[in-house]
Amino acid sequence: MSLNMKDSLQTSILNDETIDFAHYWQVFKRNLGRISLLAILFTVLVGLIVMRMTPIYSTTASLLIESQPANVMSIEEVYKSDTTRKDYMRTQYQIIQSRQVAARAVDELDLANDPVFMPPSDGEKSVITQAKNFVMDNLPFIEKTEKTPLSEEDRMERRRQAAINKLMKSIDVSLVENTQVINITATSDSPRLAAAIATTMGDVYVENYLSAKVEMTTKATSFLTESMDGLRDKLQTAERDLSQFYEKNQLVNLSNGVVGLAAEELEQLSDQLLKAQTTLKQNRTIYEQTQRNGADYGALARLPEVLNHANIQSVRRQEAEAMSRVSELSKVFGPMHPQMIAANAELTSVRDTLQTQIRDLISSITTQYRASQERVATLQTEVSDAKSEYRKLSNLENTRRALQREVDINQQLYNSMFTRLKETSEMGGFESANARVLDPAPVPNNPTAPNKTLLIVAAFVASFGFGVLLAFVLEAMNSGVRSVDDVEKKLGQRMLGLIPLIHGKRRQDMDLRAFFDNKFHQFSESVRTLRTSLSLINLERQNQAILVTSSVPKEGKTTVSVNLSFALGQLDKTILIDADLRRPVVGKRFNVPNYQPGLSNLIMKTHSLRECVVHDEQSGIDIICAGSIPSNPQELLDGDGFKALINHLKKEYKYVVVDTAPTQAVSDAMVVSKSCDSVIYVVRADSTSEKMIKNGLGRFLQVGHRVDGVVLNQVDLRKSDVSQRYGGFYDQYGYNTN
């Protein structure tokens with residue numbers, strides 16, 4: 001893709017994405033009359049309805065919800081509410097809107113029988129009811145049920161329920177932000193009734209709260225009385241069980257430390273047993289050592305327990321002294337010396353004493369071991385007995401505590417319930433409201449609805465906006481070609497010219513000579529512009545054969561052909577050929593007789609060219625009418641005769657303008673285009689659909705002939721948006737042609 005093609009494509013995309021405000025402004029201007037008419041009619045209709053509407057009055061009563069209700073003694077605990085919580089305020093908000101409060105307000109104001117609040121019916125059935133009854137009566141497959149007549153009481157109840165429903169819809173409750181104030185707004189046809197409803201709703205809410213408290217107190221008293229009987233029976237049963245426990249176990253009182261003394265005694269015995277067991281272990285060790293050594297006094301004397309004994313140590317010292325004396329004397333005296341004999345005798349005596357002491361000590365150890373065994377056995381028996389006694393006393397104490405606890409709990413509950421019952425009975429007649437009416441609702445002087453001025457203005461604005469929206473929607477849904485942009489974007493064709501619409505009488509053709517009339521100078525200039533555009537496209541050609549066609553009839557292709565011929569005739573020699581051999585109109589426009597030979601006669605060579613050519617004196621152009629209507633016009637135009645005729649005329653004339661049949665009706669135009677140099681496609685503005693035009697243009701592409709451009713015909717310049725772009729088509733500067 002070349003750089004120029006890329007730039008062209010990018011420019012096209014940007015143009016598509018740009019919002020054309022001028023186009024929308026033209027659409028608005030073109031439909032302004034219709035939009036205004038729609039807005040005025042709708043506003044008038046709304047105004048008539050608003051004027052007949054019944055005025056509605058609204059007024060507001062303020063209700064203050066107390067954040068801290070009066071606390072009288074402790075009875076508030078029976079029906080206490082935490083009014084500082086947000087959900088409490090929301091709850092009161094819902095209670096005010098409840099059906100119960102509304103029903104009490106209806107009964108207090110007797111709204112069910114109020115002719116203003118509940119106007120009596122006139123006995124006429126609504127259209128919907130009549131239609132429903134008609135369908136029920138005329139459809140046999142629908143089961144018909146007989147209506148049971150209502151009693152007077154039932155009718156009154158229904159009317160009361162209807163009044164309650166209407167009252168709930170006519171009030172609005174709002175909580176003032178960051179306050180404890182609730183506004184009750186009532187709406188009614190009567191200002192006095194609206195004020196009465198708003199104030200009464202607040203009073204009824206307060207009374208309803210007090211009634212609920214009294215009812216709750218009564219229920220609490222009844223509940224406490226019933227609960228007292230049950231608690232009294234439970235307390236008596238618990239006291240009886242405790243008394244039987246004492247009698248059965250022959251107990252006086254276990255709560256004065258009896259169990260503690262038993263525990264202390266058990267602990268002391270356990271300590272003694274532990275010490276006795278320790279002593280027994282020590283004696284058993286010494287006893288076992290003495291038993292292993294038997295009568296060996298030397299081995300027994302070496303035992304630590306023997307060596308460390310005080311008596312043994314004293315005898316050992318005496319023995320050492322005696323041995324020392326014998327040793328000293330033996331160095332001086334002989335064995336038979338009296339002193340030696342005395343010293344030996346003393347040593348022998350000391351050793352005998354040592355054996356005797358050892359023997360006595362061993363005997364004492366054995367006796368002590370036996371005593372330790374007996375002590376441990378005795379203490380174990382005493383500890384076992386103490387444990388049994390302690391367990392028995394503990395079980396009795398636990399049972400006593402459970403029974404005593406049951407008595408205490410029942411006694412506390414009974415005392416508390418008795419106190420509450422006395423308080424509730426004493427305070428049964430005390431009423432403490434949680435709310436009060438802060439400001440009663442005043443009687444309004446002016447209605448709040450409907451705001452007639454606002455409704456009428458809103459109706460006009462809404463209808464005007466809807467009209468604008470509808471105009472844009474219809475514009476978007478329009479599949480026709482209306483502007484130059486439509487020709488370029490929708491059809492993808494060049495815009496050769498734009499022919500304005502000449503306003504005249506309906507069902508009357510435009511004046512044939514309008515091109516030469518100064519009154520239609522805009523039309524003349526548009527045709528000259530078409531002539532200039534066509535000449536610039538075919539500069540390289542000396543003589544031109546120009547084909548003019550359209551998609552369907554009544555698009556003005558013949559008018560374009562005739563006036564283009566007039567414009568070309570001002571430049572050079574021009575001839576106009578009517579090639580529509582099925583419905584020819586050129587001869588009729590120029591008042592040529594029907595018997596005048598024409599194109600079909602020339603092709604079939606029944607007449608000469610001079611006989612078939614008609615000269616128009618005023619415009620200076622020549623005309624060849626359709627001539628005799630043949631039975632096979634397409635075959636006649638597709639023959640060599642027509643092509644030869646066109647080639648001959650191109651030699652005689654500078655311009656040859658050929659008016660052909662529409663492309664969607666027959667294929668004559670495609671056949672004729674083979675012999676022509678240029679193809680002009682006429683499109684009636686805002687009439688022919690885009691799809692049909694593209695289909696017609698596509699047929700020329702199928703036969704390999706290009707279309708030079710499109711002529712947008714019958715453009716209403718008063719509604720079109722091309723005036724600002726193509727000012728040459730308008731008389732903006734007082735320009736005209738003489």
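Guide: Let's start at one end of the sheet, where P500 has V715 of β12 as its bridge partner. Bear in mind that this is a predicted model. The two strands involved, β5 and β12, pair in the parallel sense over four bridges. Helix α16, residues 521-537, packs on the sheet here, touching β5, β6, β10 (655-659), β11 and β12. The direction of α16 makes about 170° with that of β5.

Now step back for the whole layout. Eight strands form this open sheet, in the order β5-β12-β11-β6-β10-β7-β9-β8, and the pairing is mixed. At the edges stand β5 (495-500) and β8 (613-615); each has a single partner strand, so one side of each is left without a neighbour in the sheet. On average, neighbouring strands are turned by 25° against each other, direction ignored.

β11 and β12 (residues 709-715) pair in the parallel sense over five bridges, and V682 stands opposite V711 in β12. On to the next neighbour: β6, residues 544-550, also pairs with β11 in the parallel sense, over five bridges. There V548 is the residue opposite I680 in β11. Six of the seven residues of β11 are buried, so this strand is largely enclosed by the rest of the structure.

α24 lies across β6 and β11, and runs at about 170° to β11.

While you're here, have a look at S565, which sits in helix α17 (residues 557-569). With 0% relative accessibility, S565 counts as buried, because the cut-off for that is under 20%. A polar atom of the S565 side chain lies 2.7 Å from the backbone oxygen of S561. Leaving out residues up to four places away in sequence, S565 touches T574, L576, I621 and V657.

Last stop, the nonpolar packing. In soluble globular proteins, nonpolar side chains tend to be buried together. The largest nonpolar core here has 44 residues, and L599 and V656 touch the most other members. Setting aside neighbours within four places in sequence, the contacts of L599 include I577, L581, I624, L637, F642 and L645. A second, separate core has 35 residues, among them M89, A198, A435 and A441.

Note on methods
Residues numbered from 1 in each chain as written. Predicted model: local features only at pLDDT ≥ 70, side-chain atom pairs only at ≥ 80, totals over all residues. Heavy atoms only, no water. Core = buried A, V, L, I, M, F, W, Y, C linked by side-chain atoms within 4.5 Å. Buried < 20%, exposed > 50% of the residue type's maximum accessible area, 1.4 Å probe, protein only. Contact = heavy atoms within 4.5 Å. Pairing = 2+ DSSP bridges. Polar contact = N/O pair within 3.5 Å; in protein donor to acceptor, adjacent residues only side chain to side chain. Axes fitted to C-alpha atoms, helices over the stretch in contact; angles between N-to-C directions.
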